[in-house]
Amino acid sequence: MEGDRNLAPYLFHQGTNYHAYDYLGCNRLPSKDGYRYVFRVWAPSADSVSLVSDFTGWDTPRRMERVTEMGVWETTVESDVSLEKEPYKFRIRRGGREFDKGDPYARFSRGGADGASLIFTESAHRWHDAPWMRKRKKTVLPKNGSYLSSPVNIYEVHLGSFIRHEEDNRPYSYREFADVIVPYIKYMGYTHIEFLPLMEFPYDGSWGYQVCGFYAPTSRYGDPDDFRYMIDKLHSNGIGVILDWVPAHFPKDAWGLYEFDGSPLYEYQGKDRQESRSWGTRFFDLGREEVQSFLISNAFYLLREFHIDGLRVDAVASMLYLDYDRDQGEWVPNIYGDNKNLEAIAFFRKLNIALFAEQPDILMIAEESTAYAGITKPVSDGGLGFNLKWNMGFANDIYDYVAMDPVYRRFHHAALTFPIMYAFSENFVLPVSHDEVVHGKKSFIDKMFGSYEDKFRQARTLCMMFMTYPGKKLMFMGTEYAQFREWDYASSLEWFMLDYPMHRGFRQYVAALNSFYLAHSELWESDFSDDGFEWILPDESSKSTVVFRRKNRKGGSLVVALNFSGAEQTLNFSAPTENRYECIFQTGDYPDSKFSITACRLQGITYRQLTVPALSGAIYTEKKGAKKHMRTGENNVF
């Protein structure tokens with residue numbers, strides 16, 4: 001972009017400069033002698049803009065020149081020495097007021113209350129993940145008419161609280177974390193790691209969701225090359241990386257995007273759209289072309305510069321609806337008289353068309369909490385163009401179900417069956433996420449009804465349900481070993497819980513279940529089509545039990561039985577007489593002999609009779625042939 005000084009600003013102001021970070025911010029220019037850096041910033045309402053820094057003087061600002069009618073300012077700095085990691089800000093004057101702002105396109109930042117941008121134009125990292133990138137194309141791109149016919153099992157992580165140094169409660173750096181997490185994820189059998197937001201944010205309590213430096217990996221854990229090292233190490237070990245991305249809103253910290261040039265700029269102008277009451281943040285003006293260039297370029301920057309494999313797009317509903325977080329009379333309908341934000345719809349379509357045109361093997365995952373239709377449908381079919389969506393309703397419904405006494409579950413059997421009614425309306429991820437283990441919602445294990453032992457029985461059965469229902473998978477850190485305390489962003493996970501047999505055994509079970517999932521294409525090859533799912537016994541509400549079949553494209557099938565009642569259940573179902581059934585995985589809390597499928601005759605008809613103990617589940621092969629050795633969740637991997 002630097003080579004054509006006319007095209008870059010034109011595209012930026014048109015909303016189609018998807019390399020805007022090569023034009024704005026701080027970029028190094030070719031120089032025969034010494035170092036040359038060009039600084040540019042968009043501030044159309046400013047009376048003047050200056051660069052302030054250690055190298056120009058914080059008290060002697062370097063005036064910048066307005067170089068486009070629509071508000072881009074520019075200056076060039078020459079130096080005999082490298083200015084890498086030197087701090088700077090933009091000093092903006094408007095209407096007699098003067099204030100300093102961080103660079104919206106800064107690639108490194110001090111963050112915190114100061115927010116000074118740091119020059120970072122010279123990455124020293126050399127990537128070693130070419131084999132992973134080739135594998136990504138093979139596994140993500142459509143194959144034989146089926147989309148994403150590969151296992152996706154995501155481990156969701158808040159880097160700052162996964163593990164901390166015991167002596168001072170200091171979080172691990174990017175490099176330290178990489179060395180710890182790689183063997184752990186491989187041991188547990190996850191395919192991807194998903195990070196809560198890691199772009200620069202001032203307030204720890206926002207978990208990263210109130211971003212000020214959208215192009216700068218947070219300096220809490222290291223510099224951008226340390227961030228690259230972490231991703232490269234994950235890739236080199238066959239682990240995909242998904243990053244939580246927050247294009248909906250930003251906080252009102254003084255050094256950030258908030259009223260950047262002295263008036264609303266990145267945010268909406270009108271009070272009916274401008275601010276979130278619940279979050280105290282400003283919503284991006286998605287109809288403004290320069291904001292589109294900023295956000296779409298940011299997504300490209302993360303994918304190109306850091307080799308991110310996918311973005312989980314946060315708070316999509318807050319962008320799609322004009323009345324989100326607003327009372328009657330506080331919002332203005334669109335031109336059609338309804339509550340859809342037409343600019344946001346157009347933005348998502350533009351975003352996904354651009355991203356998939358360049359990188360068709362990425363994952364774009366929408367965190368969208370409503371029934372908005374077509375989130376994962378192609379733009380050409382009237383959809384928004386994402387390829388995955390979190391199924392938040394499924395998680396909420398099932399948590400209510402397992403929290404109640406099993407005696408009453410017969411009256412709420414739809415919690416087990418209704419999710420299949422809409423399972424193929426979108427390409428879903430089934431999330432056991434961070435949102436469900438904070439703010440009094442209880443940890444995953446503590447949501448379960450009953451005694452200590454019964455909580456673990458139900459948790460194992462519920463994990464089996466998540467892993468065998470249609471949809472890709474996600475589990476938040478700490479869930480895999482049944483941490484009882486709610487997640488706390490300011491302290492480490494309670495790893496000492498693994499000293500207790502029940503918790504250690506639960507982690508072994510989750511690892512075994514993950515391994516089983518990876519090894520059986522019936523559970524992931526046809527997640528988005530009813531070709532891969534079939535009910536066998538959906539209506540056993542009095543027994544709080546369901547039985548269903550998962551199938552792959554070659555005709556292989558597994559039968560899954562889940563019993564959420566407090567008593568052993570025996571059920572009958574019809575099947576071809578030549579079929580043979582064998583339990584190959586169970587929740588591991590009962591003797592193997594308790595799980596069986598046997599032939600029986602009722603009124604002259606041959607049935608299969610299935611027995612499942614209380615609060616348990618089992619997976620069976622369904623085929624002709626010799627029986628196999630029984631495996632359980634406690635010992636079939638480790």
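A disulfide is a pair of cysteine sulfur atoms within 2.5 Å. I applied this cut-off to the model, which is predicted.

**Cysteines**

I searched the whole structure and found 0 disulfides. Cys-463 is in no disulfide, and the nearest cysteine sulfur, in Cys-583, lies 17 Å away. I then turned to Cys-600: its sulfur is 18 Å from the closest cysteine sulfur, again that of Cys-583, and therefore too far for a bond. I also looked up the accessibility of Cys-463 and Cys-600. Cys-463 has a relative accessibility of 3% and so counts as buried. Cys-600, at 16%, likewise counts as buried, because the term covers relative accessible areas under 20%.

**Strand β25**

I next examined strand β25, residues 569–573, for the direction of its side chains. Gln-569, Leu-571 and Phe-573 point to one face and are buried.

Which strand pairs with β25, and in which sense? I found that β28, residues 605–612, pairs with β25 in the antiparallel sense over 5 bridges. Within this pairing, Thr-570 stands opposite Thr-611 of β28.

**Surface patch**

Finally, I looked up a nonpolar patch on the surface, formed by Ile-335, Tyr-336 and Leu-342. Together these residues have about 380 Å² of accessible area. I located Leu-342 in helix α10, which spans residues 342–358. The relative accessible area of Leu-342 is 33%, so I recorded Leu-342 as partly exposed.

Methods: Residues numbered from 1 in each chain as written. Predicted model: local features only at pLDDT ≥ 70, side-chain atom pairs only at ≥ 80, totals over all residues. Heavy atoms only, no water. Buried < 20%, exposed > 50% of the residue type's maximum accessible area, 1.4 Å probe, protein only. Helix = DSSP H or I, 4+ residues; strand = E, 2+ residues; numbered from the N terminus. Pairing = 2+ DSSP bridges. Patch = residues over 30% accessible without salt bridge, like charges linked within 9 Å, V, L, I, M, F, W, Y side chains within 5 Å. Areas by Shrake-Rupley, 256 points an atom, 1.4 Å probe, with all protein chains shown as cover. Salt bridge = Lys/Arg side-chain N within 4 Å of Asp/Glu carboxyl O.
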